[in-house]
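Dear colleague,

Please find the structure below, handed over for you to look through. My notes on what was found in it follow directly after.

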Amino acid sequence: MHEWLKTPPGQYLLDWERGRFDEAVADVFGYHALQLGLPELPALQNNRIPHRWLATDAPRPASAADFAPASPTLVTDFAALPFAENSLDLLLLPHTLELSPDPHATLREVERVLVPEGRVVIAGLNPMSLWGLRQSRTRLLHRLGMGDNYLPEVGEAIGYWRLRDWLRLLSFEVESVQFGCYRPASRSAAWLERMRWMDRAGERYWPIFGSIYFVVAVKRVRGMRLLGPSWKVPKALANAPVPIANKGNYSEG
């Protein structure tokens, strides 16, 4: 995927996703945040959490060096993260699931390490889009020995509705979802620019058929109740009258 992201459609995708990630993480607070994969997209740069990491599942190729964010990097298996349970406040998954050999295991691991009420932000390719349909047609042509891929040959694309079901099974609540990148599947920067108007039209007339979906979900824990600081006295108790001993019951020896 590293080489494809340097192409005009790859740059178009990165520009759209960079804006969405910047908006999504700007007001998320906590102590620890982690981005899984895609070093070409510094998705945590607009976040103010003090401890932020970028994790990859393989050593970073030299072709990605010019894009990589200036944050600590660790190499790990995304289905076995080296973090304790309930230890991370924010996780970002930019195309992580479709690039993972076991996306469901990766998502279960995300649920394990997130704190209650922690957030996961996911970007993925939408198979029900102009880009997705072209990729499906290309795969059919491959069987006849014809055609070139428009999108990078990654793992299985996971549709939004399927992803939403996975999140619900893992006790996540979808907070928001956006679709974007409605321009046709073209490799030409000039044609992509000419089709700029389709982004506005797509958002209005066929919103769920954008080539990319962007999901923000919150980890909910049933039966959990968030408590305020112990030094805060409830207002009802603070205004309650203080009982005074009845002097009539006091007698001197």
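Glu-23 forms a salt bridge with Arg-20, their closest N and O atoms being 3.5 Å apart, where a salt bridge is taken as a side-chain nitrogen of Lys or Arg within 4 Å of a carboxyl oxygen of Asp or Glu. Both residues lie in helix H1 (residues 8-25), three residues apart, or about one turn of the helix. Glu-23 counts as exposed at 52% relative accessibility, whereas Arg-20 is buried, with a relative accessible area of 16%; buried means under 20% relative accessible area, exposed over 50%, and partly exposed in between, using a 1.4 Å probe and protein chains only.

Please bear in mind that this is a predicted model, in which local features need pLDDT of at least 70 and side-chain atom pairs count only at pLDDT 80 or more, while totals for chains, interfaces and linings use all residues. Residues are numbered from 1 along each chain as its sequence is written, and side-chain values use heavy atoms, with hydrogens and water left out.

A second pair is found in helix H3, where the side chains of Arg-112 and Glu-109 meet in a salt bridge at 2.7 Å, N to O, the two being three residues apart and thus separated by about one helical turn. An α-helix has 3.6 residues a turn, so residues three or four places apart point the same way. Here Arg-112 counts as partly exposed at 24% relative accessibility, and Glu-109 is buried at 10%.

Glu-109 is one of the buried residues of helix H3 (residues 103-113), which also include Pro-103, Leu-107 and Val-113. The buried residues of H3 pack against several elements, among them strand E1 (32-36), strand E5 (114-125) and helix H5 (160-169), contact meaning heavy atoms within 4.5 Å.

The side chains of Arg-183 and Asp-199 also meet in a salt bridge, at 2.8 Å from N to O. This pair links distant parts of the chain, with Arg-183 in the loop between E6 and helix H6 (189-194) and Asp-199 in helix H7 (residues 197-205), 16 residues apart. Both Arg-183 and Asp-199 are buried. Elsewhere, salt bridges that share partners join Glu-117, Glu-173 and Arg-220 into one network, and the structure holds 11 salt bridges.

As for the whole protein, the secondary structure comes to eight helices and seven strands, assigned as DSSP runs numbered from the N terminus (helices H or I, at least four residues; strands E, at least two). Of the 253 residues, 43% count as buried.
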